[in-house]
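Q: Please take a close look at one part of this structure and describe how charged side chains pair up there.

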Amino acid sequence: MRTGDPGDLDEAVEAGRAAVRAAPEGGVGPSGAVLQLSIVLWGRYKATGNEDDLDEAVERGRAALRAAPPGHRNHIACLTNLGATLLARFQRTGLAAELDEAIEVSRAAVQAALPDAPNRTACVINLGDCLQEQFTCTGDVTILDEAVELARTAVRAVPPGQPNHVASLSSLCAALGKRFMRTGELHDLDESVEVGRAAVRAAPLGHSHHATSLTDLAVSLHNRSEHTGALGDLDEAVQASRAVVQATPQGHRDLTTRLTNLSIILLERFQRTGVVDALDEAVETGRAAVQAAQPGHRDHATCLTSLGNALRARFEHTGNQSDLRDLDEAVELGRAAVRATPLGHPHHATSLANLGAYLRIRFEHTRDTEDLAGAVQAGRATTRVTPADHPQYATYLFNLGIALREQSKYNQISADLEEALDLWDQVLETKTTSAWARIRAARLAADALAASDPGRAAGFLERAVLLLPEVAPRRLRRDDQQHALSNNTTGLAADATALALADTTGTARERAVRALRLAEASRAVLLSQALETRDDLSELRAQYPELAHRFAELRETLDQDSTTSDAADPGRAAGAAIRERHHLAAELEDLLGRIRACKGFAAFGLPPTPDELLAEATHGPVVMFNVSHYRSDALLLTHNGITSLPLPGLTPDTVFDRVRTFYGALDEATAPDGDRIAAQSTLRHTLEWLWESAAEPVLAALGDTLPRAAKDQPLPRVWWAPGGLLGLLPLHAAGYHTDADDLRRRTVMDRVISSYTSTVRTLRRARSRRRGPVGDSKSLIVAMPTTPGHSPLPYVSEEARRIRQLLPNPVELTEPHLVPDGALRSPEGEGPTTATVLGHLTECSIAHFACHGVSDRANPSFSRLLLHDHATTPLTVSALARLDLDARLAYLSACSTADPGTLRLRDEAIHLSSACQLSGFTHVIGTLWPINDRLAATIAASFYTRLSAGTGAMIDPDQAAVALHHAIRSVRNRYPSTPSLWAAHLHAGA
């Protein structure tokens, strides 16, 4: 029945009744007629939700079975039909006896059907669906395992296009999704999504299983997005769930469930993206679900809870502490959900857990101790009724821990805190729980312990740091990885490092080494992940060429970070790309294991050992700053070893205020109506504070390892690893630049030559590629005096002209420029498009970009250099980072190319300069903020003049830091009171 006309169903029911009345007693006739009437009554129930039809369908089904004993030609069909109608009625009433009977008759149907009988597939699907419901009631995973195997059997037995093909796929999709929710095995969820997509493709709009297939797929996509953070899955889940709701008429028996699903998914989308419209829609959709729910509806409690969660989220988002209406309503909904799910109900624990969360949040705002006691009570009850191996068990422990900590703070009962710590410890050890949830538990525990037992607190955060690779695995696209890190790990690196130093056990050196190890593991997680696949492959190619070839292929493919385009079916295209990425990431992990098992490659792609990190200080001190609300320090790596230096003046709040003030002054200094004198004064004062609070204490502590140079003698070098917010300030420019020009000037610039690195591992990799002068290698100059859609850069042409004669074998790509008649005139040769530039980079040792740069604070991987085709094919961080070059020097004479970007990813160092380092450049010149076009040309010319001794031959990129230092100091000496003009440039690398 595919017409959708209710009148057809009514006519079919009447015809069925007439056939029953006309059928003679005995023989095949009565059984067949009654069976057909039961089937059409059930069909009308599915279309209209009329419960009288379902009740009659069950009774007619029983009558048909009585008339068709074993051996009767209709016996199996009657068993199958009765099982299906009993299951439908159980889903409405929740009566266990009806589910037991449904399983009994469905199992009898499977046993009675011959292995190759056409009707056996329907029997198998029915039994599997019944077992899925039994699992929901009991939580027994062995029952679900059988349901999965039954669904697989059905899928194998029915080819595409045949009856029950879509039903078998839908059954397998749902069973796999349920098993993931019970066991946490991600491969089940991946397969559930794949099978769900196949079901949707096989059941287009108008098909009787279209809505069911879309619903199952939406649920699995949402679950996967919630577990992995993949935004593409979540967007597709929203799209599918909307389509289901739009296709469901008012009064339909499944409208409540489908509205509830959409509300849940929309709330997740708000939490993922911050789009308030999604939150408001989640609330309104949740209200519609509650209003549509019939008394006794099986999903009544779920729709109450989903609306409560949406209201709670809206209360927390609005921040209006004086208006508790949303939260009060959430509490009442939570209580109603608990009443609707008595002990033994499959959703009893979920209802209790949500009520406990609402009460705890309300206590935090009202200090009503009854709410707190209720939260603890609900939390304890939730954990009592939930199996310890259930994936949600850890979440319930986590929430109970929060309530107990609140209770310990209010009542000053230490036992409550110890219990909370024990619960969070259990969460950390629960491997079926998401990594981000385990990290949150560790951070709560560490915060509770930091003041009284910093060593134990450090232990919690050390375990959290080890989970970071799981938060942003390779299977995720880059923007999803960034979101996962920004949402769950902000400040973790600093806190772990600080608590390791605060630990009172062990020696000072042991504490410093531990702090270094934690800082290295928790900073620049994505960069470290990329470095794992950037080891030199020459040795691997020589000994194991097949492994090296496949490794390079997988690395290149995963670095693409793109999805396939398919205008006809974008969801299918995105799904195929996500699925392929998951498989490739798994293969790469397996391949890394195989490579490390080969003789001589045990450390392939692994991070350096602490001793290897400390060895990097033989070239000059490495200073790693760490700013945390627990304490702030600098780790000093020198040829004598490692020490730590407390820096009490670098509190997070102070650094934040200084950064905000500094960048506000930068804006003021360039604003047409700004007070430029006051702005420059503010910049100078910030640099002076930076000297007093950070640079000077460090330089003093380095002592004999950093001797003061005599006049006209080379200055010693220092590598700064600022990390976090401090990375937004120019440590190399700290000091009192208006002091008299003598050997005692209090500035970093007059004491040392500065370089930057995000981690010591990054520095180690850069140094492994040093090779002296470049000789006859090519150079690339990319000059954009004009840029489509942006203001001209009048001094870029002058910059290109001045450096052209200083670079070896230069290849110049210059943007066409306007001539007086308004026409475009192109210089000879190729234009500066992204594809052309990327092609030339593979052949050049030196690359100089003179153009506009954009730092994207929302998505730092989309920060970009603006070339001719920037509007369609931008040269982004992602595009640069996936290159694997044998290159020496990248000079980014553009704005904000070393800007760390969004504060929530402040430890990740995602910017154009780090992308160039990752792509293979040993040295990179970048900028922290927008630069002056005229002075940029002067600084670049001075830099290359120093680098080449003015001859244009035998340039030595390994002198890049020295050359930049002298170029910047020369400008500083001319404009000491105007740091905005000269303090932005920095050197990163060896």
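Is Arg767 buried or exposed, and which side chain does Arg767 meet in a salt bridge?

A: This is a predicted model, in which local features need pLDDT of at least 70, side-chain atom pairs count only at pLDDT 80 or more, and totals for chains, interfaces and linings use all residues. Residues are numbered from 1 along each chain as its sequence is written, and side-chain values use heavy atoms, with hydrogens and water left out.

Arg767 counts as buried, at 9% relative accessibility. Buried means under 20% relative accessible area, exposed over 50%, and partly exposed in between (1.4 Å probe, protein chains only). The side chain of Arg767 meets that of Glu616 in a salt bridge, at 3.0 Å from N to O. The term salt bridge stands for a side-chain nitrogen of Lys or Arg within 4 Å of a carboxyl oxygen of Asp or Glu. This pair links distant parts of the chain, 151 residues apart: Arg767 is in helix α33 (residues 760-767), and Glu616 is in the loop between α30 (610-614) and β1 (622-627). Helices (H or I, at least four residues) and strands (E, at least two) are DSSP runs, numbered from the N terminus. Glu616 is also buried, with 8% relative accessibility.

A search of the whole structure finds 63 salt bridges. One of them joins Asp884 and Arg555, whose closest N and O atoms are 3.0 Å apart. Asp884 lies in the loop between α36 (877-881) and β14 (887-893) and Arg555 in helix α28 (residues 545-560), so this pair ties together parts that are 329 residues apart in sequence. Arg555 is buried at a relative accessible area of 9%, whereas Asp884 is partly exposed at 45%.

Another salt bridge is made by Arg89 and Asp55, at 3.2 Å from N to O. Arg89 sits in helix α4 (residues 75-93) and Asp55 in helix α3 (residues 51-66), so the parts tied together are 34 residues apart in sequence. Arg89 is buried, with a relative accessible area of 10%, and Asp55 is partly exposed, with 26%.

As for the chain around these pairs, its secondary structure comes to 39 helices and 16 strands. Buried residues make up 57% of the 990 residues in the protein chain. The C-alpha trace spans about 115 × 70 × 65 Å along its principal axes.
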